[in-house]
Amino acid sequence: MRALALLLIAHSLWSAVPTPEEHFGHRMGADRRLVSWSAVVEYFGLLEAGSAMVRVDEIGQTTEGRPMILVAIAEPGTIARLEHYKGILQTLSDPRGIDPDAALRLADEGKPAVVITCSIHSSEVASTMTAVEFAHTLITQSTPRNREILENTILLLMPSLNPDGVDKVRDWYMRWVGGPFDGAPLAELYHRYAGHDLNRDWYMLSQRETQLVVKNVHNEWRPQVVYDVHEMGPRGARMFVPPWVDPIDPNIDPLIVQQVNAFGTAMASDLTAAGKTGVLVNGIYDYFSPARHYQSYHGALRLLSESAGAKFASPITVTPDQLETSGRNYNATRASWNFLEPWSGGRWGLPDIVDYQLIAFESVLYTAALRRRDLLHNFYKIGRRVVGRGRGRAFLVPTEQHDPHAALRLLRTLQLGDVEIERVLEDRADADPAMRAGDYIVRLDQPYGAYARTLLSSQEYPATEAYPGGPPVTPYDATAHSLALLMGVEVRPMEGEMEIQTEPAGAVGRPEGGMADAGQVALSPNQGLAWLAVNRLLADGVPVHRRQSDGAFLVAADGTVREELRSLADELGVVFSPSEVVLEEHPQVESPRVALYSGHVPLISEGWTRWLLEWYEIPHQSVGNDDLVSGLADQFDVLILPDAEPGILDKGHRHRRWADIDAIPPEYRDGIDDAGAEGLAGFVEGGGTLIAFNRAAEYAADRLRLPVENVVKGLGNREFFGPGTLVNVEADLSHPLCKGMRRREAAWFERGPVFRIGRRPDPGVRTALTFAQREVVASGWLLGEARRARRAAGLDVQGGSGRVILFGIKPQYRGQSNATFKMVFNALHL
């Protein structure tokens, strides 16, 4: 009777719900047609107005001010009681407050929440349109599967995790569609700061979009399944679905992994049953990093599909000889157990991608509906297992830190991920480790203890061989995510009985600031937010001096300046200590005129650098290839070259062998080229400071003919490879670049250079940062470790009246590496 009633309700509402074609003017997935975000939001509003099975919530606004929406879809009775069902999931998420019998009763009553997220990578255009089409089909077509889904699940649909990018890509694509530059690659990042890395921000949560989703979806709803929809390159499989390839982070519970495998193989079965070929399981993608898998450290299954892409909405043709033969764990031209029916090639476009994705959407939800009770009960069991494994284990985060701001940023980041933190109430010199009142403890016997553990521990990424005695299998992605190391924060593991007086820490804020009652004060550069305070003082015209011995900032605290300093101490938690030096004997700090290079090939490193400069309120301006040619010396003191392949910096799109250069508008093809490189040399000769990050450092060293050598240049991945690794480095604290740092830090190495100063000593070259002699790897995986021992990771090279700062690391890595941010700030003021 209930199914019949639901059927009647659905039929009665058909006339009130417009089809996607009626609203958008074309089918979802039509060739050469894309949708605007405002039209998507409007359409889901129409579905909500016309159907009792839909509720739309705006969860906040994006970086650029567009609405982010969450669409709940279920049968009308469930929609009417969403808060009730949400409450069941919240109760099941914490096994410490519910016994097994009560959990079984709630599993009988509850309904699993299945989150489907779309187009976080906005150039992967199909899934937003798939979401529109699927939502309409689900509420208007009363099929047996749809009825099962609506009755037994709650679909939480996010038509895009990056609405800003939806419009950026559409506007760019529609500018060129139908002409000779149809499908030309985007000329800007599709997220203002993170670009493609927005899908690597799921533990740092530095971006507004990831913060909104974690706060209002993951932590609010406690979903059981999160299915993230993507596209990949066009010449391999037509769609990847789990199981994942090794390695799997041991902090992800095996019960999660087993269920992911079951859902993924069900997706593959449904795709095959629908006649779809080229379906891959257990290939390409691993299950190792919380940067992509937040929910799997919070009790939920993380599912992924990757469809072969096209040229945005323009179809392509792939001939059989163009198919990949060396994909990760498969060959696109041969059948194997995990790739049973290869695709034979031919025309491929948006209609195909949407069709595959519609089948996958339905499969995930139908499996969840059939396993409703098991999903909910297993969700509770996963929590119990995590709590049990964490019993007697914890991490201590002392309040006395080299950089107290980094420590509290670490703790706030954990709290964003719903990790519980306690404050120690007593001094315990007898404990192991010793602790003081005010220190923080993160116990692991809590529902998200596995999340805390993976972020506070060092990673041991398992090295595997392609075959016994063969070359190593190179990792798919970064191999480390040790936040404490990245941020330069001391944490100490604890084990055993913990009879320590503590209390819940509450929301972690800023450290307590301080303002000395003195005529002049000093601000230590150890404090991360000291740089923000200094930039605000400079912006207000307050004279700031700097002591060369330790890098401390010196300010005369008189008149209205004293009140400003006190306000900064209160707001930022910085400490101004008394100082008795003669200010005039120390150089005055000037606000540098900073240029940031931005070419025609969008660089993720440029976006993260811009985020860092804006976060610390450092004025800057973007410059392009033409600006380098015309000269920068009269306008800027500092130029930053963000990380990029040297060939990309030099030649732009012309460097990319796979690029059809004639399909790219001429004004977007080039790189810095010879004329721009001459401009760079002239900028340095004229007294400018050039700062080059990671691979850009190799470009700068070669193009400016600097007396240094990259000792790993030309080595293949079988000899030397760092896919994303935390390495130990040693800082020369006497060098101005290293003021505020510790002598030994962990830095992010990713496909960068390893420098050796020329065979003849050069007084114009000074090493500021060196790779450690022993134990180079701090966390993650690295091939060829010995090749970098005691080599230079950061160099200061004189050039004419200026200088070049070469970083063989990513000092501003994804907005996470507080430990090396200071080197960037110091470089701006050299």
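Q: Where does P243 lie?
A: P243 lies in the loop between β6 (239–241) and β7 (245–248), where strands are DSSP runs of E with at least two residues and helices are runs of H or I with at least four, numbered from the N terminus. The peptide bond from P242 to P243 is cis, with omega near 15°.

Q: And what is the peptide bond from D432 to P433?
A: That bond is cis as well, with omega near 5°. P433 belongs to the loop between β14 (422–424) and β15 (440–443).

Q: On what basis are these values given?
A: The model is predicted, and local features need pLDDT of at least 70, side-chain atom pairs count only at pLDDT 80 or more, and totals for chains, interfaces and linings use all residues. Residues are numbered from 1 along each chain as its sequence is written, and side-chain values use heavy atoms, with hydrogens and water left out.

Q: What is phi of L205, and is the residue buried or exposed?
A: Phi of L205 is near 55°, a positive value in a residue other than glycine. L205 is buried, with a relative accessible area of 2%; buried means under 20%, exposed over 50% and partly exposed in between, using a 1.4 Å probe and protein chains only. L205 is in the loop between α9 (163–176) and α10 (208–221).

Q: Turning to packing, how many residues has the largest nonpolar core?
A: The largest nonpolar core has 235 residues, and F44 and I116 have the most contacts inside it. Such a core is a set of buried Ala, Val, Leu, Ile, Met, Phe, Trp, Tyr and Cys residues joined through side-chain atoms within 4.5 Å. Helix α12 (residues 350–370) gives the most to this core, with 10 residues.

Q: How do α7 and α12 cross?
A: The axes of helix α7 (residues 126–140) and α12 come within 9 Å and cross at roughly 55°. Axes are lines fitted to C-alpha atoms, for helices over the stretch in contact (heavy atoms within 4.5 Å), and angles run from 0 to 180 degrees between N-to-C directions. The two helices are therefore oblique to each other; angles under 35 degrees count as roughly parallel, over 145 as roughly antiparallel, 65 to 115 as roughly perpendicular and the rest as oblique.

Q: Which residues of α7 make the contact?
A: On the α7 side they are A126, S127, M129, T130, A131, E133 and F134. Their partners on α12 include L350, I353 and F361.
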